[in-house]
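This briefing covers model confidence first and then a few individual sites. Please read it alongside the sequence and the structure.

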Amino acid sequence: MDVRITEGDAAYELRAAMRFLIAGTATMNQRIRLKLILLGDMNFHAMNCSRVICSLCGTEQEVRQTCISCGVCMGKYFCEVCKLFDDDVSKEQYHCHVCGICRIGGRENFFHCSKCGCCYSKVLKNSHACVEGAMHHDCPICFEYLFESRNDVSVLPCGHTIHEKCLKEMKEHCQFACPLCSKSVCDMSKAWERLDAELATLSNSFDDKMVRILCNDCGAVSEVQFHLIAHKCHNCKSYNTRQI
């Protein structure tokens with residue numbers, strides 16, 4: 001899994017983009033094409049592969065990195081657990097025993113978060129919000145299982161996870177709240193300031209009506225003057241609120 005941290009639109013969002021390593025016999029050295037004798041259906045890690053046949057000398061053998069007969073290397077990277085071969089070691093593959101799969105990007109660059117149930121970039125070690133099994137559920141937009149997804153995944157400030165492309169589509173449709181908990185997915189302070197300025201120019205015919213609101217961002221409950229457009233949280237100044 002390749003995890004990287006980039007700046008989002010206007011430097012307001014923090015993203016953790018993740019990519020799982022999907023590699024099989026197609027990535028092996030072309031002169032060693034292996035014939036896999038499977039115990040069952042082969043998944044993307046080929047973990048059910050029990051024996052291989054070296055195409056160079058024809059020797060059938062247990063799955064291993066080097067041929068027991070001719071000594072040829074079947075893959076510069078080899079995972080005995082996943083039965084995974086890859087000649088492109090520039091991806092810095094490593095096996096995470098807790099996740100149970102191979103990832104890319106270099107072991108020294110990642111840590112496994114036991115609560116979230118996944119490897120994250122060390123950049124997030126002391127800053128991400130832990131959510132139980134954050135990676136072990138479907139993307140709330142496209143419903144693809146995130147733990148096995150090959151597409152980049154973003155970790156939202158609330159700790160929930162979503163495909164990066166799905167998050168981008170949300171923003172293109174002016175949706176800036178987490179689909180799971182409704183917290184803002186990025187720093188919206190500039191947007192709230194602009195909304196302050198817009199509302200100041202509008203007259204409100206409900207000056208005497210008061211309503212109770214719940215802030216989706218900070219969780220505070222406030223009593224504010226009713227407005228047809230939006231209600232501002234007294235605690236964190238967010239307009240990401242709902243009437244209760």
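Over which residues does pLDDT stay under 50? In this predicted model, that stretch is residues 1–47, for which the model has 151 contacts beyond four places in sequence. Where pLDDT is low, the predicted coordinates should not be read in detail.

**Confidence of the chain**
- The chain has a mean pLDDT of 78.
- A pLDDT of 70 or more is reached by 80% of the residues.

**H128**
- H128 sits in the loop between β9 (118–121) and β10 (153–155).
- Because its relative accessible area is 14%, which is under 20%, H128 counts as buried.
- A polar atom of the H128 side chain lies 2.7 Å from the backbone oxygen of L124.
- Beyond its neighbours within four places in sequence, H128 contacts F111, C113, C116 and Y120.

**D187**
- D187 belongs to the loop between α1 (164–172) and α2.
- With a relative accessibility of 38%, D187 is partly exposed.
- The side chains of D187 and S189 are joined by a polar contact of 2.9 Å.
- From D187 to F176 the C-alpha to C-alpha distance is 9.6 Å, and the two are 11 residues apart in sequence.

**L202 and the surface patch**
- L202 is placed in the loop between α2 (189–200) and β12 (210–215).
- L202 is partly exposed, at 47% relative accessibility.
- Together with F206, L228 and I229, L202 forms a nonpolar patch on the surface.
- The accessible area of these four residues together is about 400 Å².

Key:
Residues numbered from 1 in each chain as written. Heavy atoms only, no water. Helix = DSSP H or I, 4+ residues; strand = E, 2+ residues; numbered from the N terminus. Buried < 20%, exposed > 50% of the residue type's maximum accessible area, 1.4 Å probe, protein only. Polar contact = N/O pair within 3.5 Å; in protein donor to acceptor, adjacent residues only side chain to side chain. Contact = heavy atoms within 4.5 Å. Patch = residues over 30% accessible without salt bridge, like charges linked within 9 Å, V, L, I, M, F, W, Y side chains within 5 Å. Areas by Shrake-Rupley, 256 points an atom, 1.4 Å probe, with all protein chains shown as cover. Salt bridge = Lys/Arg side-chain N within 4 Å of Asp/Glu carboxyl O. pLDDT = per-residue confidence, 0-100.
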